[in-house]
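Reader: Hi! Could you walk me through this model, starting with the overall fold and then moving on to the packing?

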Amino acid sequence: MSNKIAIVLLVCIGVVVLLAISELPLYGSPDTPAQNYVAERYIEGALSDTGALNMVAAIVIDYRAYDTLIETTVLFTAIIAVFLVLKKGTDRRGEHK
Amino acid sequence: MTDFILKRMVSLVLPFVQMLGLYVIFHGHLSPGGSFSGGIITGLSLIAFSLVFGLERGQEKVSERMMSLVESFGALWYGAMGLVGILRGTTFLMNKGAGVPLGAPGKLYSGGLILLITLGVGLKVASTMVTLFVALMEEEE
């Protein structure tokens, strides 16, 4: 019984997913939602806004600077986590616990 | 490891690898690459030294304390660069709008804060790689 319910539910979900896929724009077509004014602004204004020839660096470190700031924090957190798991700590007198 | 050929080859190659890493970091705003890739190249050169010459000699070159200092410095440096915008009366991490001189495009000094931020992040990524490697390689006492 529960098998039949599962199959019916899966078919329903599959129909919804296929409907969504059929609505997707073609790969590389110029009128996708991703091809909006933001990309145009980056391509046209990267050099005059930041003075950097490498557009990737201009986006990563200037336009999206907050993103990169938190990304470095992710690295920092990773190191702290590794130390928490692997390192043996010392107490205030320098003795190994 | 006591392989003569390996040691001589690493001694020959490592300076150029480190030079390449620093080049990629410093030219992050001019050519492909940047702080993350350059930092990883620099960090991997130190890891290769530790692998070939042993962990103790690697630790003599870059001590754990120095690595953790560089690690913290990189994160703080990014935030300090962001404060430039606030000090100049605009928003956090503002570059051109804060009146930072951008320089001529194509020269080493161009892009305002991008070069300085890339330097900090590159050092941080390098130290992260080395610290992770050392933490995983150290044997249980």
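**Chain B and its helices**

Author: Happy to! The secondary structure of chain B consists of five helices and zero strands, where helices (H or I, at least four residues) and strands (E, at least two) are DSSP runs numbered from the N terminus. This is a predicted model, in which local features need pLDDT of at least 70, side-chain atom pairs count only at pLDDT 80 or more, and totals for chains, interfaces and linings use all residues. Residues are numbered from 1 along each chain as its sequence is written, with chains lettered from A and ligands numbered from 1 in the order in which they are written.

Reader: Thanks! What box do the C-alpha atoms of chain B fill?

Author: Roughly 55 × 35 × 20 Å, taken along the principal axes.

Reader: And how much of chain B is buried?

Author: Of its 141 residues, 36% count as buried. A residue is buried if 20 or more other C-beta atoms lie within 10 Å of its own, exposed if 12 or fewer, and partly exposed in between, with C-beta atoms placed from the backbone.

Reader: How many residues of H5(B) are buried?

Author: 18 of the 25, so H5(B) is largely enclosed by the rest of the structure.

Reader: How does H2(B) cross H5(B)?

Author: The axes of H2(B) (residues 35–53) and H5(B) come within 7 Å and cross at roughly 35°. Axes here are lines fitted to C-alpha atoms, for helices over the stretch in contact, and angles run from 0 to 180 degrees between N-to-C directions. The crossing is right-handed, meaning that the near helix is turned clockwise from the far one by less than a right angle.

Reader: What kinds of residues make up that contact?

Author: The residues of the contact of H2(B) with H5(B) divide into 12 nonpolar, eight polar and one charged. Ala, Val, Leu, Ile, Met, Phe, Trp, Tyr, Cys and Pro count as nonpolar, Asp, Glu, Lys and Arg as charged, and the others, Gly among them, as polar.

Reader: Switching topic, which residues touch the most other members of the largest nonpolar core?

Author: Of its 32 residues, those are A:Ala57, A:Ile61, B:Ile114, B:Ile117 and B:Val125. Such a core is a set of buried Ala, Val, Leu, Ile, Met, Phe, Trp, Tyr and Cys residues joined through C-beta atoms within 7 Å. H5(B) gives the most to this core, with 11 residues.

Reader: Nice. What is B:Val125 in contact with?

Author: Leaving aside neighbours within four places in sequence, B:Val125 is in contact with A:Leu75, B:Ser35, B:Phe36, B:Gly39, B:Ile40 and B:Gly43. Contact requires C-beta atoms, placed from the backbone, within 7 Å.

Terms used
Contact = placed C-beta atoms within 7 Å.
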